[in-house]
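Welcome, and take a moment to look over the sequence and the model.

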Amino acid sequence: MEKNPEFPELLRWIDERSAAFRAVVAAAPGLDAQVPTCPGWTLLDLVKHLGGGDRFWAAIVGAGPADAPPAEAVAARAALEVPGEREALAAWLDASTRLLLDALRTAGPESGCWTWWPASQSPQTAGGTARHRVQETAVHTYDAQLALGAPQPLPAALALDGVEEFLLTVCATPSGWPHEPTAFDFHTSEGRSWRLTVDGDGARVTRVPAPAAGTDEAPDAAGASVYGTASELVLYLYDRIKADSLRVDGDAGLLDLLRAWEPEEK
């Protein structure tokens with residue numbers, strides 16, 4: 001069974017993807033470029049969102065266990081201003097990443113903190129926050145690359161963890177599935193697979209064996225099965241690419257139900 005990435009690896013990924021994001025910003029002819037995957041946003045809006053998010057989560061992790069994010073962190077994010085000059089903006093982005101990484105290192109992976117996913121299968125810890133922040137940074141780096149017309153696949157190892165992290169954090173819930181019970185399988189070409197089972201008891205994620213060599217089917221076929229590279233699956237789950245960019249077996253309409261589902265408790 002594949003193990004989750006170690007905490008230092010998560011921090012390295014945050015650092016590496018943040019550097020890749022800054023490189024895109026530095027290469028952009030202007031910060032008013034539209035971001036197709038974030039309708040209505042410019043590249044500058046994306047910079048504010050990612051850098052402000054780093055600072056926001058740094059404060060949350062630093063505050064320790066809580067029922068809500070620190071009020072001062074919420075206020076600071078709402079009033080966020082960023083430098084207008086390109087070099088100063090790059091320095092601000094880098095400082096934002098350092099604040100987050102320093103907070104995570106100081107806290108350690110098992111330290112509790114507020115998160116917006118209390119009912120999911122992901123822990124409310126600095127480690128859980130780091131794991132999710134990796135994917136936020138990676139996907140927004142893709143967004144920025146797309147704004148410049150040069151999108152790149154997410155790094156494979158990072159994306160493999162990203163499929164599981166999304167399913168555990170965003171999809172898992174104790175809220176009852178309002179339709180007929182079913183299951184969704186997600187298969188990566190890199191050889192890792194997961195099942196999201198949904199029924200009256202909610203949604204839960206398990207790792208499952210990949211389809212046997214020379215076949216396309218896993219045991220106990222799911223209602224819908226999605227196949228692609230790990231990067232493609234992450235980008236699909238984050239609504240950056242559409243299902244028709246992937247291979248879908250079974251009832252593709254179930255994926256529409258899953259995307260439209262808004263559980264009462266998260």
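This is a predicted model: local features need pLDDT of at least 70, side-chain atom pairs count only at pLDDT 80 or more; totals for chains, interfaces and linings use all residues.

Residues are numbered from 1 along each chain as its sequence is written, and side-chain values use heavy atoms, with hydrogens and water left out.

Let us begin with the cavity. On a 1 Å grid over the protein atoms alone, a cavity is a set of points where a 1.4 Å probe fits but cannot get out, and lining residues have an atom within 4 Å of a point. The structure holds 1 cavity of 30 Å³ or more, and the largest cavity has a volume of about 40 Å³ (the space filled by probe spheres set on the points, which are joined across faces, edges and corners). Its lining is made up of Ser18, Phe21, Arg22, Leu50, Asp54, Leu93, Asp94 and Thr97. By type, the lining has 3 nonpolar, 2 polar and 3 charged residues (Ala, Val, Leu, Ile, Met, Phe, Trp, Tyr, Cys and Pro count as nonpolar, Asp, Glu, Lys and Arg as charged, and the others, Gly among them, as polar).

Next come the aromatic rings. Rings of Phe, Tyr and Trp (its six-membered ring) pair if their centres lie within 6.5 Å; planes under 30 degrees apart count as stacked, over 60 as edge-to-face and the rest as tilted. The whole structure has 7 aromatic pairs. In one of them, tryptophan 116 and tryptophan 117 have ring centres 5.0 Å apart and planes at 90°, so this pair is edge-to-face. Tryptophan 116 is partly exposed at 34% relative accessible area, while tryptophan 117 is buried at 1% (buried means under 20%, exposed over 50%, partly exposed in between, with a 1.4 Å probe and protein chains only). Both tryptophans belong to a cluster that ring pairs build from Phe56, Trp57, Trp114, Trp116 and Trp117.

Leaving aside residues up to four places away in sequence, phenylalanine 56 touches Pro69, Ala73, Val74 and Arg77 (contact means heavy atoms within 4.5 Å).

Finally, look for charges over rings (NZ of Lys or CZ of Arg within 6 Å of the ring centre and within 35 degrees of the ring normal). Arginine 247 lies over the face of tyrosine 227, 4.0 Å from the ring centre, and arginine 259 has its charged end over the ring of tyrosine 236, at 4.7 Å.

Note on methods. On a 1 Å grid over the protein atoms alone, a cavity is a set of points where a 1.4 Å probe fits but cannot get out, and a pocket is an open set with protein on both sides within 12 Å along at least five of seven lines; lining residues have an atom within 4 Å of a point.
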